[in-house]
Amino acid sequence: MAHRETDVFDRLERFYDAVPRDAAVAEEIGGFVLFVREGEGWPFYARPRLGADTPSAADVTSVRRRQRELGIPEAFEWVHENSPDLLAVARSAGLDVLLAPLMVLERAALVPDLPLPGASIRLLDASSPTFAADLAASRAVGHVGFRTPAPSSAPLPGDATAGLIPTGPLSGAPPVAPAGPAERDAVPPPAPESLADQQKGYAAGRFVGGVVETPADGIVACGTVQRVGDVAEIVGVATLPSARGRGYASQLTANLARHALEQGVNLVFLSAGTDDVARLYSKVGFRRIGTACIAEPAAAPL
């Protein structure tokens, strides 16, 4: 990237703080901002407050108490390089922390558009009469994909990938067909108000969704770019388990990144669930620059 690393981290922090604000109420609790979603959609999280000192363990406890009052997940997110002392604080306060590779796109290393045998990539159009059906199918693919990660992968709500190809069944167990179009079609469609909010975001250019589809199975892979100004994050890249191993996720990610650049974005980034997944995205053109921390309460011992 043309920007200094410190400048990139500053821009990422402002991006993370801005993304939830048009769909959430922001509550300041100690050194955190807790974003509470209004209406339908994936619940948000607490993040360190811009310009504040490192949150304390007491701040963590206060946020968790408020999250329980609201009936929302006790979730925290931050960039380690921007809040390096928070990792120890979070763990001391009883949180498990997933360390996810944080990666930025190297424009010169972005792979070219390549054909996908038997499949095609399409961007969702908010003005199309098929938008509601396309969005429902795309969200359903994400739902199925994120529920069926590879055993070594721990996908995140904002993770760029939903995992790799699962391993085979345990010895002696009957083979199980990987989840596919039938499981996708069984996922309930989004609520009308959620669809309306999404459509506004797409029409305003805040979101761009892409899908991979085949003539036989329809939409089998999905991904989204969320944008604030000249910064964009690729999130929710998922493939139906029955369609994995064909390069769909990698090529869709490259296509979405290229589209973002063409629309004036100059910083494209994503977070990968594991180091193995990060290596896959390095082949697309992304470079690791840091670590995204995703925390939730530690599981109680058995």
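A: Let's go from the overall picture to single residues.

A: Keep in mind that this is a predicted model.

Q: Okay. How many helices and strands does the protein have?

A: The protein has 8 helices and 11 strands.

Q: And how much of the protein is buried?

A: Buried residues account for 47% of the 302 residues.

Q: What about contacts between residues at least 6 apart in sequence? What share join residues at least 24 apart?

A: That share is 71%.

Q: Let's look at strands. How do β1 and β2 run, and how many bridges join them?

A: They run antiparallel. Strand β1 covers residues 24-29 and strand β2 covers residues 32-37, with 6 bridges between them.

Q: Give me one bridge. Which residue partners glutamate 28?

A: Valine 33, in β2.

Q: What sits between the two strands?

A: The hairpin has 2 residues between its strands. Glycine 30, in this hairpin, takes a positive phi near 60°.

Q: Which way do side chains point in a regular strand?

A: They alternate between the two faces of the sheet.

Q: New topic: aromatics. How many aromatic pairs are there?

A: The structure holds 8 aromatic pairs. One of them is tyrosine 16 with phenylalanine 269: the ring centres are 5.6 Å apart and the planes are at 80°, so this pair is edge-to-face.

Q: Where do tyrosine 16 and phenylalanine 269 lie?

A: Tyrosine 16 is in helix α1 (residues 5-18), and phenylalanine 269 is in strand β10 (residues 267-271). The pair therefore ties together parts that are 253 residues apart in sequence.

Q: Are tyrosine 16 and phenylalanine 269 buried or exposed?

A: Both tyrosine 16 and phenylalanine 269 are buried.

Q: What geometry do phenylalanine 44 and tyrosine 45 have?

A: Their ring centres are 5.8 Å apart and their planes are at 80°, so they also form an edge-to-face pair. Phenylalanine 44 is buried, at 12% relative accessible area. Tyrosine 45 is buried as well, at 11%.

Q: Back to tyrosine 16. Which residues are in its ring cluster?

A: Ring pairs link Phe15, Tyr16 and Phe269 into a cluster.

Q: And what lies over the face of tyrosine 16?

A: Arginine 47, at 4.2 Å from the ring centre. There is also a charge over phenylalanine 207: the charged end of arginine 206 sits over that ring, 5.7 Å from its centre.

Q: Now cysteines. How many disulfides does the structure hold?

A: It holds 0 disulfides.

Q: Why does cysteine 222 count as buried?

A: Because its relative accessibility is 3%, and the cut-off for buried is under 20%. Cysteine 293 is buried too, with a relative accessible area of 1%.

Q: Let's switch to helix α7. How far does α7 reach?

A: Helix α7 spans residues 248-262, which is 15 residues. From its first C-alpha to its last, α7 reaches 21 Å, close to the 21 Å expected.

Q: How many of the residues in α7 are buried?

A: 13 of its 15 residues, so α7 is mostly covered.

Q: What follows α7?

A: Glycine 264, whose phi is positive, near 100°.

Q: Last one. Where is alanine 137?

A: In helix α4, residues 131-147.

Q: What does alanine 137 contact, leaving aside neighbours within four places in sequence?

A: Arg184 and Ile219. The C-alpha atoms of alanine 137 and glycine 218 are separated by 8.7 Å, although these residues are 81 apart along the chain.

Conventions. Residues are numbered from 1 along each chain as its sequence is written. This is a predicted model: local features need pLDDT of at least 70, side-chain atom pairs count only at pLDDT 80 or more; totals for chains, interfaces and linings use all residues. Side-chain values use heavy atoms; hydrogens and water are left out. Two strands pair if DSSP finds at least two bridges between them. Helices (H or I, at least four residues) and strands (E, at least two) are DSSP runs, numbered from the N terminus. A disulfide is a pair of cysteine sulfur atoms within 2.5 Å. Buried means under 20% relative accessible area, exposed over 50%, partly exposed in between (1.4 Å probe, protein chains only). Rings of Phe, Tyr and Trp (its six-membered ring) pair if their centres lie within 6.5 Å; planes under 30 degrees apart count as stacked, over 60 as edge-to-face and the rest as tilted. A charge sits over a ring if NZ of Lys or CZ of Arg is within 6 Å of the ring centre and within 35 degrees of the ring normal. The expected span of a helix is 1.5 Å times one less than its number of residues. Contact means heavy atoms within 4.5 Å.
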